[in-house]
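I set aside some time to look through this structure and keep notes. The entries follow in the order I made them.

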Amino acid sequence: MAGVGKPDQLSPMSVVGRLDRLRKLFDQAGAEGGAIEALLVTTPANIRWLTGFSGSAGLLLVTAGRAVLTTDGRYRTQSAEQIRASGVGDELAVVVGGVQAQREALAGAAGSALHLGLEADDVTWASQRSWADVFASSELSATRGLIEGLRVVKDADEIIRMERAAAIADQALAAVLPMLAAAGSGTGAAGPLTESGFAAGLDHAMRMAGAEDSAFETIVASGENSAKPHARPGGRRIERGDPVVVDFGAVFDGYRSDMTRTFCVGGEPTGELARVFSVVAESQRCGVAAVRPGIETGSVDLVCRQVIDDAGWGERFEHGTGHGVGLDIHEAPSVGPGSTAILAPGAVITVEPGVYVPDTGGVRIEDTLVVTADGSRSLTQFPKEVPV
């Protein structure tokens, strides 16, 4: 598919400066705003953002003066290559070995740190007790959202990768949409089309277009299942007249896209379903128009929710308007009722209002947007009104 490249056609993404940005937060990073002298990073996405290392097994210890990444022998070559490519080879030591060797290296790097932070959202109670033995001379302190907060605003290299992921998703949907049209006309050569069959076709098309993976489990929900916001694709046959919610995304060089389109198979929606389509489309348009620097994410949610409330379906909009996207499919900031995060240029969020009416069907429309200096632009470009 033209226009979509492979990750190795991009220049490696530099992460230089990110470790120092993290260190600047140490003074108030601990419990109740106390200082820490070191942080053990255990969340894979945070390790990747700080170092460029994408392996599934890794630990990172950051102090004021040094950083040590540990991993096992499976990632000996990969870790060396990725750290070198990310530009932090001179400021990051890599230790490869078994569990005990890694723990000794981390303890040695922590040195005499009196207060050492753990990522509270990633470390279990059992793990905390284990780390207390490793860092016996340090008082362990819970930290929350340090690196996630730094990840909210994306740099140009990150946005390029998200644009590629979105373009892959756009092209993949265009490639498989004729399957829905055939289901509506009864001309499908392979027989009846099921939700799971369409989801599999879409996932395959993304892979063929250059995706590393699906950004999350693809949602295809048809007919009465479309009234379930997170229905899993199953064996239900997609038939003429069905609303079909398709929520999916691609991964490109670690970064994700997220898009939802809702189709009416075989023609235009009628009756109450037609009104649902219209109201959700208007809600999403208003939400997209509200995205700009300086606005609270809760205000974006309120704009979308007001349109649906005014139509009488407020209780049928049963989730938040959106969320941040990046290395994770759901990351800061939240875009929901009462959310107080302030959008800044470079933040990437979704806007995805929906209405779900039992026995009638559901409609959700979603785009991934990057905040610009004076508004936003959509990374997902697939048309919202396409007859199938």
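**Entry 1: Ile 160 and helix 7**

I began with Ile 160, which has a relative accessible area of 32% and is therefore partly exposed. I kept in mind that the model is predicted. Ile 160 sits in helix 7.

**Entry 2: helix 7 against helix 8**

For a helix pair I noted two values, since two packed helices are described by the angle between their axes and the distance between the axes. Helix 7 covers residues 156-185 and helix 8 covers residues 195-208; their axes are 8 Å apart, at an angle of about 140 degrees. I recorded the crossing of helix 7 and helix 8 as right-handed.

Which residues meet here, in helix 7 and in helix 8? From helix 7 I listed Ile 168, Ala 169, Ala 172, Leu 173, Val 176, Met 179 and Leu 180. From helix 8 I listed Gly 197, Phe 198, Gly 201, Leu 202, Ala 205 and Met 206. Sorted by class, the contact of helix 7 with helix 8 has 11 nonpolar residues, two polar ones and no charged ones.

**Entry 3: helix 9 against helix 10**

I next took helix 9 (residues 271-290) and helix 10 (residues 297-310), whose axes come within 8 Å and cross at roughly 155 degrees. Angles over 145 degrees count as roughly antiparallel, so helix 9 is roughly antiparallel to helix 10. The crossing of helix 9 and helix 10 is right-handed.

On the helix 9 side, the contact is made by Val 279, Glu 282, Ser 283, Cys 286, Gly 287 and Ala 290. On the helix 10 side, I found Val 300, Val 303, Cys 304, Val 307 and Ile 308. By class, the contact of helix 9 with helix 10 divides into eight nonpolar, two polar and one charged.

**Entry 4: Thr 297**

I stayed with helix 10, where Thr 297 lies. Is Thr 297 buried or exposed? Its relative accessibility is 0%, so Thr 297 counts as buried. I followed its side chain to the backbone oxygen of Ser 334, at 2.8 Å. Not counting residues up to four places away in sequence, Thr 297 touches Pro 333, Ser 334, Val 335, Ser 339, Thr 340, Ala 341 and Leu 343.

**Entry 5: helix 2**

I counted buried residues in helix 2 (residues 44-51): six of the eight are buried, so helix 2 is largely enclosed by the rest of the structure. The buried residues of helix 2 are Ala 45, Asn 46, Ile 47, Trp 49, Leu 50 and Thr 51. Gly 52 follows helix 2, and I noted that its phi is positive, near 90 degrees.

**Entry 6: Gln 82**

I looked up Gln 82 in helix 3 (residues 76-86). At 21% relative accessibility, Gln 82 counts as partly exposed, because buried means under 20%.

What is Gln 82 in contact with, leaving aside its neighbours within four places in sequence? I found Thr 51, Gly 52, Phe 53, Ser 54 and Gly 55. Thr 51 is one of the buried residues of helix 2, and Gly 52 is the residue that follows helix 2. The side chain of Gln 82 makes a polar contact with the side chain of Ser 54, at 2.8 Å.

Last, I checked Gln 82 against Ser 334: they are 252 residues apart along the chain, and their C-alpha atoms are separated by 31 Å.

Key:
Residues numbered from 1 in each chain as written. Predicted model: local features only at pLDDT ≥ 70, side-chain atom pairs only at ≥ 80, totals over all residues. Heavy atoms only, no water. Axes fitted to C-alpha atoms, helices over the stretch in contact; angles between N-to-C directions. Helix = DSSP H or I, 4+ residues; strand = E, 2+ residues; numbered from the N terminus. Parallel < 35°, antiparallel > 145°, perpendicular 65-115°, else oblique. Left-handed = near helix turned anticlockwise from the far one by under 90°. Contact = heavy atoms within 4.5 Å. Nonpolar A, V, L, I, M, F, W, Y, C, P; charged D, E, K, R; others polar. Buried < 20%, exposed > 50% of the residue type's maximum accessible area, 1.4 Å probe, protein only. Polar contact = N/O pair within 3.5 Å; in protein donor to acceptor, adjacent residues only side chain to side chain.
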